[in-house]
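Morning, everyone. Please look at the model on the screen, and I'll walk you through a few places in it.

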Amino acid sequence: MTQAMQSTHGGEPLKIDNLVMVRGTKAVTEAIVLRVARGKITALMGANGAGKSSTVLGISGVIEPAFGEIWLDGRDIAGLEADEIRRLGIATVPEGHQVLRELTVRDNLRVAASDLSRGEQSTALDRTLALFPELKEKLAQPAGDLSGGQQQMVALAQALMVTPKFLVVDELSFGLAPTIVARLVPVIRSIAAQGIGVLLIEQFTHLALALADHVYVMSRGKVSYDGPPQKLRDDPDILHRAYFPVSDKEAVGLA
Ligand SMILES: Nc1ncnc2c1ncn2[C@@H]1O[C@H](COP(=O)(O)OP(=O)(O)OP(=O)(O)O)[C@@H](O)[C@H]1O
Ligand SMILES: [Mg+2]
């Protein structure tokens, strides 16, 4: 591959086409189509049980999609192992700040970068800690002793140690106080500004609408909105309908 082709590919969006995820025996997403641009923040919103996390598990390779394609740099990576997908450049922060509680913060970050040489690890550590200065003084502490917000920072920092092309964050704000969430907003912005494509999964609509360049809303396994955040801010009814869909009977009555 030529240098020029590589650099064009480096800027390609992550394309998710017709993704169907099955949990148990039930299809919980229906032909999901998403585009995640490099250097931008894309939000995926939706009510409880809409299928957001199932979509994330499919993208990250934790659960093999039943159908559909995930295009990264011109290659369909759907169904590859989670480790392989991470190596190819998609880092995922799963729901619920899952850090290695017994290990120190420094070791959490080292483990995440175990593919790198010692020298590369130390460069990656400096680069990552620049985004989270408050973690610098916690490096020797067990990650389990940190606050929820700081643990979420460790989880984000772990994902960033390997300089991913795309960062997928499932429920960034879950369980965190508003002041902590406010602290994470500029961090997410600077991650995107580095050229990383961020896919932010959020139930907390205010945060997603404030941060996102592009928004998808899922309801009951389908994408019910695909467009700019401004339209949702201007017309809250669109979101309301997606979060509280009327039943088919009511819809007929309304028509
Ligand atoms: N382990 C599982 N086994 C069977 N069904 C599951 C499992 N996990 C989730 N589901 C079902 O899959 C559907 C989608 O759930 P999913 O967790 O993807 O939604 P979500 O949008 O992430 O919701 P939340 O906002 O609560 O995180 C739901 O109907 C849920 O009950
Ligand atoms: Mg979820």
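Before going on, the ground rules. This is a predicted model, where local features need pLDDT of at least 70, side-chain atom pairs count only at pLDDT 80 or more, and totals for chains, interfaces and linings use all residues. Residues are numbered from 1 along each chain as its sequence is written, chains are lettered from A and ligands numbered from 1 in the order written, and side-chain values use heavy atoms, without hydrogens or water.

Where does Lys138 sit? In the loop between helix H6 (133-136) and helix H7 (148-160). Helices here are DSSP runs (H or I, at least four residues), strands likewise (E, at least two), numbered from the N terminus. Leaving aside residues up to four places away in sequence, Lys138 touches Val105, Leu146 and Gln150. Contact means heavy atoms within 4.5 Å.

Next, the metal. Which protein atoms are donors to the magnesium ion, ligand 2? Ser53 (OG) and Glu95 (OE), at 2.0 to 2.8 Å. Ser53 is in helix H2 (residues 52-60) and Glu95 in the loop between strand S8 (90-93) and helix H4 (105-112), so the pair ties together parts 42 residues apart in sequence. Donors are N, O and S atoms within 2.8 Å of the metal (3.2 Å for Na, K and Ca); water is not among the atoms, so sites may look incomplete. Glu95 is partly exposed, at 40% relative accessibility.

Now H2 itself. Of its 9 residues, 8 are buried, so H2 is largely enclosed by the rest of the structure. Ser53 is one of the buried ones, and so is Lys52. Just after H2, Gly61 takes a positive phi of about 85°.

Last stop, Pro229. Pro229 lies in helix H10 (residues 229-234) and is buried, at 7% relative accessible area. Pro229 and Asp213 are 16 residues apart in sequence, but 6.8 Å apart in space, C-alpha to C-alpha. Beyond four places in sequence, the residues that Pro229 touches include Asp213, Leu209 and His214.

Definitions and conventions. Buried means under 20% relative accessible area, exposed over 50%, partly exposed in between (1.4 Å probe, protein chains only).
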